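Open the model in a viewer and keep the selection tool at hand. The stops below say what to select next and what is there.

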Amino acid sequence: MTINVKRITQKYGILFILIVMSLVFAILSPAFLSIPNILNILNQTAIWGIMALGMTFVIVAKGIDLSVGSVLAFSGLIAASLAQVPAQMKLYQNLPQLPLIIPILAGLLIGALCGAVNGALIAFTRIPAFIATLGMMTVVRGFALIYSNARPVSNLTPAMNAIGSRVFGIPVPILIYLFMFIVSYILLNKTRFGKNTFAIGGNITAAEVSGVNVPKNLVLIYAYCGLLAGIAAIVFAGRVGSVHPGAADGYELTAIAATTIGGTSHSGGIGTIGGALIGALVLSVMRNGMTLLGFSPYSQKILEGVIIVGAVVIDMRKNARKA
């Protein structure tokens with residue numbers, strides 16, 4: 001039996017990089033592999049990791065969504081404003097304390113609705129995804145500023161804050177991330193919706209000819225991406241304890257970076273949920289390790305940009321060889 005080193009490197013290269021990076025940081029900083037630090041890395045990964053899961057569907061379908069950071073802020077503001085302690089409410093002075101499920105559903109509905117509008121714009125007006133979601137990014141951020149009068153929404157109920165707490169020592173955001181990872185894996189790999197997503201990204205004309213309802217599936221793909229941004233918003237509100245209208249600025253780029261580093265091709269039709277998970281962990285490990293070693297956040301940004309460009313160049317070279 002022969003071992004195809006090249007194929008193994010292509011398939012598991014990013015995992016190998018994650019392991020090597022972790023070993024280097026563990027050698028340089030003994031605190032890196034401590035249980036509290038590992039849980040901290042996973043907890044930090046949860047928010048943009050959840051967003052990266054949705055971004056994987058969009059990029060596999062040969063699209064992009066620049067609005068998820070703004071959608072997170074707006075969805076989080078809506079949910080947080082309905083989950084404030086009544087005596088300390090700022091937005092709704094006379095609103096009684098609502099069951100936790102209501103602010104959660106409101107946040108998720110806003111996220112999914114914003115995503116569905118993105119999908120409808122792209123599917124029915126043929127606007128490029130970059131333009132449609134860039135417009136949504138600006139519009140939704142404006143709504144967030146108007147809704148909150150440009151002020152943070154804080155004083156959340158204990159039930160809302162519990163989303164950012166721990167269960168048996170494990171942060172709840174990690175458990176939510178793992179659950180959404182499983183749901184997303186099943187959706188992309190075991191359902192007709194997932195097959196249609198790959199078909200649209202691989203060749204949209206062929207998908208239409210083979211009977212795939214492209215407009216309907218595009219709306220669903222972007223709605224799912226928006227829904228996951230809404231879930232990330234709930235996690236954000238629970239963990240931070242407040243939501244600012246300027247929150248999550250730049251998170252869309254982190255989600256795109258995690259998806260790209262994880263091997264999802266911007267040429268469409270190629271991508272995995274596992275890759276999105278590994279890509280998000282690579283970014284988190286890099287940031288955490290560089291912080292422990294005393295690197296400035298600016299240096300981290302530079303290295304992150306270099307990694308993203310490198311991942312895209314590698315993807316383009318692979319696609320060029322296949323052509």
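Select Ser148 first: is Ser148 buried or exposed? With a relative accessibility of 3%, Ser148 counts as buried, because the cut-off for buried is under 20%. Bear in mind throughout that this is a predicted model.

**Around Ser148**

Ser148 sits in the loop that runs between α5 (129-147) and α6 (158-161). Show its side chain and the backbone oxygen of Ala144: the side chain of Ser148 reaches that oxygen at 2.8 Å. Now display the residues in contact with Ser148, leaving out neighbours within four places in sequence. They are Leu77, Leu91, Val153 and Pro245.

**The whole chain**

Zoom out and colour by secondary structure. The protein chain has 13 helices and two strands. Its radius of gyration is 20 Å, close to the 20 Å that the globule rule gives for 323 residues, so the chain is as compact as a globular protein of that length. Along the principal axes, the C-alpha atoms fill a box of roughly 70 × 55 × 35 Å.

Colour by accessibility next. Of the 323 residues, 49% count as buried.

**The nonpolar core**

In soluble globular proteins, nonpolar side chains tend to be buried together. Here the largest nonpolar core has 90 residues. To find the residues with the most contacts inside this core, select Leu53, Leu72, Met160, Ile200 and Ile221. Helix α10 (residues 214-240) gives the most to this core, with 15 residues.

Stay on Leu53 and show what it touches. Not counting residues up to four places away in sequence, Leu53 touches Tyr177, Met180, Phe181, Ser184, Leu228, Ile273 and Ala276.

**Two cysteines**

Select Cys114 and Cys225. Seen from Cys225, the closest cysteine sulfur is in Cys114, at 11 Å. The disulfide count comes to zero. Cys114 is buried, with a relative accessible area of 10%, and Cys225 also counts as buried, at 1% relative accessibility.

**Helix α11**

Select residues 251-261, which form helix α11. This helix is mostly covered, with nine of its eleven residues buried. The buried residues of α11 are Glu252 and Thr254, then Ala255, Ile256, Ala257 and Ala258, and finally Thr259, Thr260 and Ile261. Gly263 follows α11, and its phi is positive, near 100°.

**Helix α13**

For the last stop, select Gln300, in helix α13 (residues 297-322). At 10% relative accessibility, Gln300 counts as buried. Which residues does Gln300 contact, leaving aside its neighbours within four places in sequence? They are Met286, Arg287, Met290, Thr291 and Phe295. Finish by drawing a distance from the C-alpha atom of Gln300 to that of Ser70: the two residues are 230 residues apart along the chain, and their C-alpha atoms are separated by 23 Å.

Terms used. Residues are numbered from 1 along each chain as its sequence is written. This is a predicted model: local features need pLDDT of at least 70, side-chain atom pairs count only at pLDDT 80 or more; totals for chains, interfaces and linings use all residues. Side-chain values use heavy atoms; hydrogens and water are left out. Helices (H or I, at least four residues) and strands (E, at least two) are DSSP runs, numbered from the N terminus. Buried means under 20% relative accessible area, exposed over 50%, partly exposed in between (1.4 Å probe, protein chains only). A polar contact is a pair of N or O atoms within 3.5 Å; within protein, one must be able to donate a hydrogen and the other to accept it, and residues adjacent in sequence count only if both atoms are side-chain atoms. Contact means heavy atoms within 4.5 Å. A nonpolar core is a set of buried Ala, Val, Leu, Ile, Met, Phe, Trp, Tyr and Cys residues joined through side-chain atoms within 4.5 Å. A disulfide is a pair of cysteine sulfur atoms within 2.5 Å. The radius of gyration is taken over C-alpha atoms; the globule rule is 2.2 Å times the number of residues to the power 0.38.
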